[in-house]
Amino acid sequence: MKLKTLALAAALTVAGSSFAPFAFAQGKVQFFPSLTGRTGPVAPNATPFANGYADYMKLVNLRGGINGVQTLVEECETAYATDRGVECYERLKNKHGGATVFQPLSTGITFALTEKVPADKIPMITSGYGRSDSADGSVFKWNFPLIGHYWVAGDTLLQHIAKTQGGWENMRGKKIAVVYHDSPFGKEVLPIIQERQKMHGFELQLLPVPAPGVEQKAIWLQVRQQRPDFVIMQTWGVMTATAIKEAVATGYPREKMFGTWWSGAEPDLRDIGAAAKGYSAVMMQHGAEPQSAVVKEILDKVHAKGQGTGPKDEVGQVLFMRGVVGAMLAVEGVRAAQERFGKGKVMTGEQARWGYENLNLTQAKLDALGFKGVMRPVSTSCFDHMGSAWARVHTWDGAKFTWTSDWLQADDQIIKPLVKASAERYAAEKKLTKRDPKDCQS
Amino acid sequence: MLYRENGQFKTTYRGDSQIFPIAQDRIAIGLLLAFAVFGVPLLADEYLFRAILIPFLILSLAALGLNILVGYCGQVSLGTGAFMAVGAYAAYNFMVRIDGMPLLAAVLLGGLCATVVGVIFGIPSLRIKGLYLAVATLAAQFFVDWTFLRISWFTNNSSSGSVSVSGLEVFGIAIDTPFEKYLLCLGFLVIFAWMAKNLVRGHIGREWMAIRDMDVAAAVIGIRPVYAKLTAFAVSSFFVGVAGALWGFVHLGSWEPAAFSIDRSFQLLFMIIIGGLGSVMGSFFGAAFIVMLPIFLNQFLPALGNLVGVTISTAGVAHAELMIFGALIVFFLIVEPHGLARMWSTAKEKMRLWPFPH
Amino acid sequence: MGFFFEALIGGLMAGMLYSLIALGFVLIFKASGVFNFAQGAMVLFAALAMARFSEWFPELLGFDNKVLGNVLAFAGALLLMVAVAWVIERWVLRKLVNQEAITLLMVTLGIAYFLDGFGQSLFGSDIYKIDIGLPKEPMFLLESTFPGGILVSKEDLYATGIAAALVIGLSMFFQYTSTGRALRAVADDHQAAQSIGIPLSRIWVIVWSVAGFVALVAGMIWGSKLGVQFSLSLVALKALPVVILGGLTSVPGAIVGGLIIGVGEKLSEVYAGPFLGGGIEIWFGYVLVLFVLLVRPQGLFGEKIIDRV
């Protein structure tokens with residue numbers, strides 16, 4: 001009986017405490033919420049991203065903040081689940097004076113939040129994921145797929161493959177298999193690949209892998225049967241490692257496997273080691289950058305004082321850098337907004353949005369921030385929310401990644417019409433009006 | 001003392017067979033509804049609406065549907081997520097393909113489509129029982145998940161397979177503030193709960209319970225198992241389909257099949273087990289518990305950690321949430337296997353005698 | 001033609017690996033009547049323990065020998081699983097004697113969540129390596145008869161061998177040892193076994209420990225194939241149809257069911273998959289089981305369900 005009263009009391013406490021008011025922060029800070037995937041099927045890959053994000057924000061504070069305004073990061077765990085991501089968004093959006101920008105690190109959460117951010121007036125940075133058509137700023141006012149999206153990845157990857165074959169003409173008749181995550185994330189890369197297929201006449205074999213992708217033997221047996229010339233992988237989390245292991249087990253040469261930028265990082269490959277040698281992945285601008293100035297600075301100023309968010313040997317790895325780049329873009333957008341709305345002041349979401357729309361990161365600025373050799377200039381505008389379309393390909397040599405291509409640029413002639421058409425479809429479905437050029441000044 | 005029925009005489013059959021025969025109950029429910037409609041908006045902020053109240057209302061509806069199937073009719077089903085998905089996608093297709101389709105009609109039609117699918121996947125229950133049926137219904141879960149990923153017609157040929165709705169309105173009134181969404185879900189829940197309560201009190205409900213308790217004996221005395229089981233699946237899937245449509249339209253706004261995965265099915269099953277099988281009240285209790293527990297833990301654990309001087313990492317909080325969730329499930333099932341509803345009725349019984357012990 | 005054999009052999013071996021996990025389900029159901037939904041979490045927990053111990057023990061105890069490290073890690077993980085079994089029996093099962101099947105099912109789901117969280121907080125949520133020396137490269141048979149040869153994965157072959165040895169070992173354990181006989185008696189009839197003096201609680205600890213051992217072996221093999229990470233617990237969802245197809249109470253059923261599901265999944269994915277857009281593996285096993293159950297509601301080898309009124 002006592003246990004039962006205890007249980008009833010517990011239930012009531014749960015009910016009561018959920019209505020408790022939430023703590024408010026004091027002082028002026030620029031709040032950057034961080035939606036993390038530290039548990040669940042993508043944990044090995046999403047954890048370094050969150051660590052890089054947090055570490056760079058700490059570095060910004062040590063450098064003096066954004067013109068004196070300190071940054072504040074609060075994490076909320078989503079485990080890559082859309083409804084948890086939405087709940088984290090609702091919880092964090094008004095905290096600490098209001099969230100500046102969200103970076104959901106999940107295409108599913110991005111789709112859900114795209115509906116909500118216009119009403120809440122908080123911008124969203126979705127570098128390299130999310131909706132590829134959100135590069136069109138005339139329809140998607142609040143989405144910023146800065147420095148690239150899936151169609152840029154697909155295009156640059158195909159360009160690289162074509163180059164290895166001696167040009168697009170030699171692609172005719174070749175067979176490409178696409179192993180992709182059976183979800184909006186995986187499917188988003190298909191339109192550009194299919195567009196290029198129409199143009200250049202190669203064959204496609206589409207092989208969806210149901211999440212979480214722990215059993216892929218049948219997929220790779222089919223790959224073995226069809227003997228495609230190349231395999232493109234759009235996978236994330238443990239699916240990538242499993243795919244490469246199955247490729248080893250079925251004897252498909254890793255040199256012919258190419259991943260998009262979420263399918264080629266250390267957690268996927270380090271356990272396989274030498275057997276994965278030759279596997280390549282296209283990276284939007286940055287890869288593993290242990291020699292870069294910003295990494296050295298983070299190690300000196302943050303980790304040396306024991307303030308590092310994650311383990312030290314992670315600093316400089318691919319996904320850590322992605323978090324650093326994400327944080328840098330978030331901060332620079334706020335800095336740009338401060339130029340207009342008041343230096344040294346805390347920026348609201350709306351003001352930050354203007355900042356992301358008018359981002360002008362020259363090479364000089366990037367070098368000064370410590371990104372020399374890591375990034376190329378990024379410049380957004382009212383109707384172009386992507387800012388740059390540069391990418392490179394790196395290859396695993398058994399222990400680390402090395403660059404195996406020059407800078408590639410996605411072909412705007414092909415991508416822009418696709419983006420425009422898709423954005424217009426979205427606008428028609430939602431009965432949205434496209435933005436007026438006059439609206440760009442807000 | 002306060003809860004006695006002294007002086008409350010029923011003079012009509014109608015009075016005798018009301019859902020709430022005791023006047024205090026009627027007053028309490030009336031006050032609760034009044035509070036829900038008028039009081040909550042005054043006290044609740046946007047986060048409370050969006051993250052706790054609306055999911056609670058929609059998931060209670062789904063839990064109610066599942067309780068009809070599992071609690072009242074005894075057919076264990078692990079495919080509830082699939083039926084929610086069918087409801088959501090069907091409603092989406094009705095909205096998108098037919099111009100000017102009203103929201104309510106789309107949601108109800110989505111529920112009807114879920115009914116059809118539910119009956120089809122309920123046919124195995126005529127042959128298969130118990131745990132075998134539970135795993136057989138998983139076939140529904142995975143097959144429906146796959147269907148919505150693969151057949152692009154269902155997602156209006158969107159390249160990514162993700163669908164979204166916006167611009168909801170009912171009878172001309174736009175539904176975009178959290179409060180309006182809350183009222184819409186509350187309206188659905190009240191009407192459906194009333195329907196459910198009457199169904200389970202009636203003839204069909206008694207047939208379901210007979211099948212649950214001893215299906216062979218029920219067949220012997222003339223209850224048709226086919227009719228009873230398939231109607232249980234039909235009614236349950238209708239409720240669950242409507243809940244799924246509401247979940248997609250009102251709560252998420254934009255979804256993909258992963259929103260209705262097997263985790264959702266397990267979550268709903270937890271709700272009715274913790275809340276109490278075979279009880280309408282239990283579905284609400286269970287839904288409240290399961291919706292609020294993760295959020296409560298998420299707020300409470302870091303605070304507790306700070307109290308003790310330990311900063312728990314985000315991953316640590318997430319892991320602790322899982323552990324405490326699992327441990328609490330086990331604890332509740334040990335302490336009260338019949339769920340919170342049984343605790344509630346025990347409390348009510350004590351109330352009727354209070355201040356006397358017996 | 002060669003490709004058909006490849007898919008067939010691959011399917012048979014994948015099926016054996018599913019049976020490994022299914023065995024755990026069957027063992028526990030036979031002896032304690034509980035459908036252990038936590039089996040997947042147990043596989044993950046055991047694999048995490050082994051992976052991490054094989055990293056930590058060499059560091060802590062200061063030696064370099066990989067084989068010794070693996071053996072010690074295995075022993076350590078086994079002890080841990082026995083401890084888990086003991087705790088589950090003492091704190092959970094003993095208090096839920098005679099409850100309904102669905103309550104017990106939900107309790108094991110609760111245990112699954114608990115083990116998931118506990119394992120990840122103890123050992124971490126990164127991806128970890130188990131290296132027991134299984135060769136990763138494939139071998140090609142009959143290259144003269146079939147162009148390109150028939151692909152047989154050496155790793156899977158070893159895994160099949162280990163699984164077969166485990167099954168034979170378990171069968172011998174059940175047939176020839178007194179504990180095995182006691183387990184079979186409990187599986188037959190709890191009350192009768194109790195009345196002749198078999199201590200039920202100790203038997204349950206033994207059964208859950210054996211299931212833990214099976215989970216450890218399964219975790220070791222799957223972990224060596226896929227890497228040890230949270231998603232490993234989801235492999236249990238692939239083993240569920242195997243358990244049901246074979247019948248919840250039959251060990252040979254788990255094996256046969258595994259082989260059928262493995263072959264069925266692979267062949268359907270490879271031959272029917274391209275016409276249906278791919279990805280049908282995930283539901284094929286379940287739909288197959290559904291149709292088999294319609295014909296035989298107790299699975300292929302399960303005990304017939306007799307309802308007494």
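Student: What percentage of the 309 residues in chain C is buried?
Tutor: Keep in mind that this is a predicted model. To read burial, count neighbours: a residue is buried if 20 or more other C-beta atoms lie within 10 Å of its own. In chain C, buried residues make up 55% of the 309.

Student: How does the radius of gyration of chain C sit beside that of a compact globule?
Tutor: Here one sets the value beside an expectation for the chain length. A compact globule of 309 residues would have a radius of gyration near 19 Å, and the 20 Å of chain C agrees with that. Along the principal axes, the C-alpha atoms of chain C fill a box of roughly 65 × 60 × 35 Å.

Student: Which secondary structure elements build chain C, and in what order do they run?
Tutor: Chain C has 11 helices and 2 strands. Starting at the N terminus, the order is α-α-α-α-β-β-α-α-α-α-α-α-α.

Student: What share of the contacts in chain C joins residues 24 or more positions apart?
Tutor: Considering contacts with a separation of 6 or more, residues 24 or more positions apart account for 73% in chain C.

Student: How many residues of chain C are in contact with chain B, and which helix gives the most?
Tutor: On the chain C side there are 42 residues, in contact with 38 residues of chain B. Helix 4 (101-123), helix 9 (235-246) and helix 11 (281-295) of chain C each supply at least two residues of that side. Helix 4 of chain C gives the most, with 16 residues.

Student: And how does that side of chain C divide by residue type?
Tutor: The side of chain C that touches chain B has 29 nonpolar, 10 polar and 3 charged residues.

Definitions and conventions. Residues are numbered from 1 along each chain as its sequence is written. Chains are lettered from A and ligands numbered from 1 in the order in which they are written. This is a predicted model: local features need pLDDT of at least 70, side-chain atom pairs count only at pLDDT 80 or more; totals for chains, interfaces and linings use all residues. Helices (H or I, at least four residues) and strands (E, at least two) are DSSP runs, numbered from the N terminus. The radius of gyration is taken over C-alpha atoms; the globule rule is 2.2 Å times the number of residues to the power 0.38. A residue is buried if 20 or more other C-beta atoms lie within 10 Å of its own, exposed if 12 or fewer, and partly exposed in between; C-beta atoms are placed from the backbone. Two residues are in contact if their C-beta atoms, placed from the backbone, lie within 7 Å. Ala, Val, Leu, Ile, Met, Phe, Trp, Tyr, Cys and Pro count as nonpolar, Asp, Glu, Lys and Arg as charged, and the others, Gly among them, as polar.
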